Structure formats: structure tokens, C-alpha cells
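I opened this entry to keep track of what I looked up. The notes follow in the order I made them.

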Amino acid sequence: MACRNLCERFDSRFTVGKAHYENGNKYCRRCEVYFFHNGIFCPCCGMALRSSPTSRKDKERLRQLKIKVKEQDKIIRIITGIKK
Ligand SMILES: [Zn+2]
Ligand SMILES: [Zn+2]
């Protein structure tokens with residue numbers, strides 16, 4: 001199912017402003033909107049929604065985790081490169 005533009009009505013960027021991260025809003029990657037919704041699927045396109053990190057701490061942890069994964073990936077690439 002594609003975006004039917006229903007999401008524009010839910011888009012919290014317009015209704016809540018900057019607070020879209022702190023309200024436990026969810027993000028639809030297909031519609032590219034943040035909105036508050038109780039279900040796990042987008043009411044507009046039916047795609048599974050991603051919930052935003054609720055606190056700054058969580059966001060920081062997520063960021064650190066991403067960096068770690070990146071580093072590990074780099075190390076693995078170096079190791080496998082030497083082996084070849
Ligand atoms: Zn949509
Ligand atoms: Zn959607």
C-alpha cells in the first residue's frame with residue numbers, strides 16, 4: 001500500500017511542533033512523517049512504524065551504539081583484508 005496522504009493530517013510537526021521526539025511519537029519511513037498513533041502500523045500506508053527514542057539518554061545511547069557498530073565493521077574489514 002502506498003501513501004494516501006492521510007498522514008498529512010496526523011503529522012505532529014505541524015500540530016506539536018518541535019516536540020515530536022519527546023511525545024513518544026512514531027515515524028513512518030514511507031510517509032516520512034512523525035505522528036502520535038497507538039498501533040504499530042501506519043494508518044495511512046500500513047507500514048510498520050518506528051517509535052522515536054523517548055529520552056535524550058536513549059538517543060545518546062543509540063548514537064553510541066551506532067558508532068560502535070561502525071567501528072566494529074571497520075575492524076572486521078581490516079582483519080578480513082589482511083587475511084586475504
Ligand atoms: Zn502517508
Ligand atoms: Zn505511512
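I looked up the largest nonpolar core and found ten residues: C7, C28, C31, V33, F35, C42, C44, C45, M47 and L49. Such a core is a set of buried Ala, Val, Leu, Ile, Met, Phe, Trp, Tyr and Cys residues joined through side-chain atoms within 4.5 Å. Buried means under 20% relative accessible area, exposed over 50%, and partly exposed in between (1.4 Å probe, protein chains only).

I noted that this is a predicted model, where local features need pLDDT of at least 70, side-chain atom pairs count only at pLDDT 80 or more, and totals for chains, interfaces and linings use all residues. Residues are numbered from 1 along each chain as its sequence is written, and side-chain values use heavy atoms, with hydrogens and water left out.

Next I took C44, one of the core residues. Apart from neighbours within four places in sequence, C44 has contacts (heavy atoms within 4.5 Å) with M1, A2, C3, R4, N5, L6, C7 and C31.

I then searched for salt bridges (a side-chain nitrogen of Lys or Arg within 4 Å of a carboxyl oxygen of Asp or Glu) and found one. R77 and D73 form it through their side chains, at 2.6 Å, N to O. R77 is exposed at 58% relative accessible area, while D73 is partly exposed at 36%.

Last, I searched the whole structure for aromatic pairs (rings of Phe, Tyr and Trp, its six-membered ring, with centres within 6.5 Å; stacked under 30 degrees between planes, edge-to-face over 60, the rest tilted) and found one. Y27 and Y34 make a tilted pair, 4.6 Å centre to centre with 40 degrees between the planes. Y27 is buried at 18% relative accessibility, and Y34 is buried at 15%.

Terms used: Chains lettered and ligands numbered in written order.
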